[in-house]
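Work through the exercises below with the model open beside you. Try each task before you read its solution.

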Amino acid sequence: MSAFSAVEVITAKRDGDALSDDAITWMLDAYMKGEVADEQMSALLMAVFFNGFEPRELLTWTDQMIASGERLDLKGLSRPSVDKHSTGGVGDKISLILAPLVASCGAAVPQLSGRGLGHTGGTLDKLESIPGWRAFLSNDEIRSQLENVGAVICAAGQGLAPVDRRLYALRDVTGTVESIPLISSSIMSKKIAEGTDALVLDVKVGRGAFIKTHDRARELAQTMVSLGTSHGVATVAQLTSMNQPLGRAVGNALEVTESVDVLQGGGPGDVRELTLGLARIMLELVGLDVDPASKLDDGSAYATYRMMIEAQGGDPDAKMVEGACKDIVLAPQEGIIQSVDALDVGIAAWRLGAGRARKEDPVSAGAGVMCLARVGEFVEAGQPLFELFADDHEHLARGRDAITRAVVLGETSAPHEPLLLERISK
Ligand code: URA
């Protein structure tokens, strides 16, 4: 007979008690074996949502999530490894630039990524708009690409923290996603299992982020930094603003094109600024004294990007697709742009076909939004604000409806909002 009962574990957490390490270990293990039912785990997740975890409970819960699967072994690489995780934003194409950039500075960057859900895009969806590129690599392929190219962006294998996939699916349908201990353990179990030496967390805050307030973003960041550090992963979090979209392009192929512009030394200033800010932290964490800006400007980062894409079957010279149906949204009057709402733009891109509502849904490579005017710029009445792309007229009309209120115009200059908000380290 088992030493624990699921009902006792659930009621203890429901009543605000801390769970013993053994109870947590048993519960997750029994859930994976099918001895604890989905409805019982859902009840426990709801109890955690309301009553949280003490630091010791969170550590044990995360350890057990890691232990539910395999760990990638990156020891023995000739370069130090460092990864970046973003909590998700609109127009967030930073990984596509950052991974080859930091690799061109001498590190190994294992970016095991996911797909987009809802209004935020996924790195794999963006790269899959490149003809031939493949997201699935074996562990041996990951290691050899890290050694030879220095950067890998690929799908996180099913073997890393497999209990997370089942817990996340339950959280998604039981209103328990927005819990700091559950988000932290979900993200960090996968990153720790990935085997990286160091990690930078880009914690987004604002209209287009799933965390809307600075205080909550700080709490999430502190929790994740503490989990990483206690597992021997040098971890720093950077809170960054996600009120307006990053850069001008929002949509899969559109974002690849904009990333290549930045890799070639151009592109929007905010994308370059954030990429360099995160790159500097990553290099500092692994003790590499290299100026990343010089690697964008002298073509080394772009050369590494080309190798990274080719190593996974992609053609970096292929012409990127563009949605066949287009429309332009014009400014209704003249004025200075006070805000461009990242959430509205993200939802528009999603409705145009660039994102998915359920994880099984396909995405369009060519759909998306180009933001033609940015906060602080003056526009005349009738000047283009957005260019919309979709594969058919139905998606185009849906995207257009979503974007109509995205821009606020005013008569005064817009307040300047910094992009890099706060750095959090242990
Ligand atoms: N991303 C994850 O991987 N897990 C969460 O819980 C939230 C975002």
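A polar contact is a pair of N or O atoms within 3.5 Å; within protein, one atom must be able to donate a hydrogen and the other to accept it, and residues adjacent in sequence count only if both atoms are side-chain atoms. The model is predicted: local features need pLDDT of at least 70, side-chain atom pairs count only at pLDDT 80 or more, and totals for chains, interfaces and linings use all residues. Residues are numbered from 1 along each chain as its sequence is written, and side-chain values use heavy atoms, with hydrogens and water left out.

**Exercise 1. The ligand**

Solution: 
- Sort the shell by class.
- For K190, a side-chain N or O atom is 2.6 Å from a ligand oxygen. S186 has a polar side-chain atom 2.6 Å from a ligand nitrogen.
- Check the cover. On its own the ligand has 240 Å² of accessible area, and the protein covers 83% of that. Such areas come from the Shrake-Rupley method with a 1.4 Å probe; for residues, only the protein chains shown count as cover.
- Name the elements. Helices (H or I, at least four residues) and strands (E, at least two) are DSSP runs, numbered from the N terminus.

**Exercise 2. T176**

Task: Decide whether T176 is buried or exposed, then list what T176 touches.

Solution: 
- T176 sits in the loop between α8 (162-174) and α9 (180-193).
- Apply the cut-offs. Buried means under 20% relative accessible area, exposed over 50%, and partly exposed in between (1.4 Å probe, protein chains only). T176 has 0% relative accessibility, so T176 counts as buried.
- List the contacts (heavy atoms within 4.5 Å). Leaving out residues up to four places away in sequence, T176 touches L45, M46, F49, L170, R171 and L182.
- The side chains of T176 and T174 are joined at 2.9 Å.

**Exercise 3. Strands**

Task: Work out why β2 counts as largely enclosed, and how β2 runs beside β3.

Solution: 
- Count. 5 of the 5 residues of β2 are buried, so β2 is largely enclosed by the rest of the structure.
- Check both faces. V109, Q111 and S113 are buried on one side, P110 and L112 on the other.
- Find the partner. Strands pair if DSSP finds at least two bridges between them. β2 (residues 109-113) and β3 run parallel, joined by 5 bridges. V109 stands opposite A151, and Q111 has I153 as its bridge partner.
- Turn to β3 (residues 151-155). Here 5 of 5 residues are buried.
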